[in-house]
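Me: I'd like to go through this one term by term and hear what backs up each label. Can you take me through it?

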Amino acid sequence: MTATQTPTLIPDTTLAKEATDILREHGTDLIYNHSVRVYLFAAEQGRQAKLRFDPELLYVSAAFHDLGLIKAFSSATERFEVDGANAVRQFLTTHKIPEDQIQVAWRAIALHTTPGVTQYMEPEVALLFSGVGLDVLGEGFDTFPVEVREEIVAAYPRVDFKEGIVKAFFGGFAHKPGSTWGTVKADVCERFISGYKSPNFCDLIANSPFPNSIRH
């Protein structure tokens with residue numbers, strides 16, 4: 001994989017084009033625009049931080065990061081992040097990408113909604129998380145170059161994005177709300193499923209089949 005692409009451009013490689021084709025075939029316009037924005041935001045963040053990262057691997061990770069929300073890639077029980085990570089593993093394995101790079105892409109996607117961890121991992125993992133955080137939550141909005149941000153959004157618009165992405169999240173795991181336990185996506189299930197409440201960790205401890213030992 002090449003590490004010489006200009007960060008604010010989509011890598012012009014066969015692998016990147018095939019990833020785009022898969023994203024276009026299976027994703028919605030909202031997921032497509034979001035995924036490309038995530039890459040462009042992440043790549044610019046990497047450039048600003050002077051990180052050495054693989055643009056092609058980062059782009060493929062961004063292209064696949066929400067495919068676990070799509071029926072064709074969704075499992076019955078796994079977290080949608082893991083479904084997307086498994087899909088990128090299959091894609092990269094087919095292209096005979098080295099295992100260490102496959103594992104980086106897998107971790108980037110599997111952890112892209114997990115705060116407090118990715119900043120200590122490979123640049124591609126950290127950048128995918130920060131790119132998602134910027135596009136979905138506006139994290140880093142004030143420190144990101146205004147002209148670059150406006151150019152990216154003009155090319156890949158955020159049409160009804162705030163409402164649409166939440167509905168896309170729910171549509172991806174409405175059939176398996178339990179898979180969101182312990183993640184930020186549990187909030188989505190509580191918002192859209194009447195009466196649903198994610199299991200409480202303290203209650204789970206209290207209801208463990210292990211009794212406390214008797215104090216001697």
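Reply: Contact here means heavy atoms within 4.5 Å. This is a predicted model, where local features need pLDDT of at least 70, side-chain atom pairs count only at pLDDT 80 or more, and totals for chains, interfaces and linings use all residues. Residues are numbered from 1 along each chain as its sequence is written, and side-chain values use heavy atoms, with hydrogens and water left out.

Me: What makes α1 and α3 roughly parallel?

Reply: Helix α1 (residues 14-26) and α3 pack at an angle of about 10 degrees, with their axes 9 Å apart. Angles under 35 degrees count as roughly parallel, over 145 as roughly antiparallel, 65 to 115 as roughly perpendicular and the rest as oblique. So α1 and α3 come out roughly parallel. The axes are lines fitted to C-alpha atoms, for helices over the stretch in contact, and the angles run from 0 to 180 degrees between N-to-C directions. The helices themselves are DSSP runs (H or I, at least four residues), numbered from the N terminus.

Me: And why are α4 and α5 called roughly antiparallel?

Reply: The axes of α4 (residues 80-94) and α5 (residues 99-110) cross at roughly 160 degrees and come within 8 Å. That angle is over 145, so the pair is roughly antiparallel. On the α4 side the contact includes Val82, Ala85, Val88 and Leu92, and on the α5 side Ile102, Ala105, Trp106 and Ile109 are among the residues making it. The crossing is right-handed, meaning that the near helix is turned clockwise from the far one by less than a right angle.

Me: Why is Ser35 called buried?

Reply: Buried means under 20% relative accessible area, exposed over 50%, and partly exposed in between (1.4 Å probe, protein chains only). Ser35 has 2% relative accessibility, so it counts as buried. Ser35 lies in α2 and, leaving aside its neighbours within four places in sequence, is in contact with Leu23, Ala62, Ala63 and His65.

Me: How do you know that the buried residues of α7 line one face?

Reply: In α7 (residues 146-155), Val148, Arg149 and Ile152 are buried. Seen down the axis of α7, these buried residues fall within an arc of 100 degrees, so they line one face of the helix. The arc is that of the directions from the helix axis to the C-beta atoms. The buried residues of α7 pack against α2 (29-48), while the face turned away carries the exposed residues Glu147, Glu150, Glu151 and Ala154.

Conventions
Helix = DSSP H or I, 4+ residues; strand = E, 2+ residues; numbered from the N terminus.
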